[in-house]
Amino acid sequence: MSEVPITKRPVVYRIPGQDAVIVRRDVPYRDDLTLDLYYPPDSKPEVRAPAVIFVTGYPDPGFQKFLGCRQKEMASYISWAELAAASGLIAVTYSNREPPADAEAVLSFIRQNGETLGIDETRIGIWSCSGNVPTALAVLMNEPSDAFRCAVLCYGLMLDLDGNTAVDDGAKQFGYRNPAAGKSVSDLPPKLPLMIVRAGRDEFPHLNETLDRFVSKALECNLPLTLINHAEAPHAFDIAHDSQMSRDVIRRVLDFVRFHLIEESRETVA
């Protein structure tokens, strides 16, 4: 039996309601670029919900040429978006040409059209992974410090710190963008809750070195950091490592985002 292509691999975890989410596909947000919105099964048009944006850092034209589809069409992004929507959030995936500018265009579109889209633009989180993370970091640094309620960065190439060049070298080799080049951990919003998920057996050269240095600097800056080290996991464990531990880590990611976008807001109101 041939191995399932990476673009066809869904997340190894499922939850009730995932098959019932409501999807609006290919909503134009900039020129001919579009986004997909995944709504909870019980969503009501008159009630605006928090959203999680899945930030990507590979330009879709090159990605599609190499793997045959845009990132938002991958089974992994579709199932992550379904998981978020089944957890009570609106999930946003999107196509891109120039990742940093297009990610910020998505944010601008959501802020300008929050009522029509049913999104509470004051409660937004981001999720990103792998070579997409440098773009996510740049977005976190470039937007106002109160733009996001939380961020999840999974098995990602982070920042080139202390004279290292692994992130920039990887960008040249693999084609992801590195718009946070030259930045430091201190450029991040100091009160933003961050979850970093580390794959202990990540096979990509120097990736965990960038992640470990980032975590060390984040602790020096006393950032509100949650670290999960999935010790036995390879890169992309969410689609490649079907185990109880992988499923537990994915559940904890969803719990983290739910807490900061839903539960924490309820506590503030109370």
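Predicted model: local features only at pLDDT ≥ 70, side-chain atom pairs only at ≥ 80, totals over all residues.

Analyst: Two strands are taken to pair if DSSP finds at least two bridges between them.

User: How many bridges join β1 to strand β2, and do they run parallel or antiparallel?
Analyst: Strand β2 covers residues 33-39, and Ile-22 stands opposite Tyr-39 of that strand. In the hairpin that β1 and β2 form, two residues lie between the strands, and Asp-31 takes a positive phi near 50 degrees. The two strands are joined by six bridges and run antiparallel.

User: In β4, what is the bridge partner of Ala-51?
Analyst: Strand β3 (residues 49-54) and strand β4 (residues 90-94) run parallel and are joined by three bridges. Within this pairing, the partner of Ala-51 in β4 is Ile-90.

User: Which residues of the largest nonpolar core touch the most other members?
Analyst: This core holds 49 residues, and its largest share, seven residues, comes from helix α5 (residues 133-142). Leaving aside neighbours within four places in sequence, Phe-214 is in contact with several residues, among them Leu-137, Met-158, Val-185 and Leu-194. The residues that touch the most other members are Ile-53, Leu-194 and Phe-214.

User: How many residues are in the second, separate core?
Analyst: That core includes Val-12, Cys-69, Cys-150 and Ala-199. Its count of residues is 47.

User: Is Tyr-155 buried or exposed?
Analyst: Tyr-155 is placed in the loop between β6 (150-154) and α6 (166-174), and although it is not a glycine, it has a positive phi of about 35 degrees. The cut-off for a buried residue is under 20% relative accessible area. Because the relative accessible area of Tyr-155 is 4%, this residue is buried.

User: Does Asp-162 count as buried or exposed?
Analyst: Asp-162 is likewise found in the loop between β6 and α6, and it has a positive phi of about 60 degrees although it is not a glycine. A residue is called exposed when its relative accessible area is over 50%. With 57% relative accessibility, Asp-162 therefore counts as exposed.

User: How far apart in space are Thr-116 and Glu-209, C-alpha to C-alpha?
Analyst: Thr-116 lies in helix α4 (residues 114-117) and, at 64% relative accessibility, counts as exposed. In sequence, Thr-116 and Glu-209 are 93 residues apart, while in space their C-alpha atoms are separated by 43 Å.

User: Which element gives the largest share of the lining of the largest pocket?
Analyst: The largest pocket has a volume of about 780 Å³, and of the 30 residues that line it, the closest to its centre are Ile-6, Tyr-58, Phe-63, Leu-67 and Ser-130. The elements that give two or more residues to this lining are α1 (60-67), α2 (75-86), β5 (119-129) and α8 (237-240). The largest share, four residues, comes from α1.

Conventions. Residues numbered from 1 in each chain as written. Heavy atoms only, no water. Buried < 20%, exposed > 50% of the residue type's maximum accessible area, 1.4 Å probe, protein only. Core = buried A, V, L, I, M, F, W, Y, C linked by side-chain atoms within 4.5 Å. Contact = heavy atoms within 4.5 Å. 1 Å grid on protein atoms, 1.4 Å probe; cavity = no way out; pocket = protein on both sides within 12 Å on 5 of 7 lines; lining within 4 Å. Points joined across faces, edges and corners; volume = space filled by probe spheres on them.
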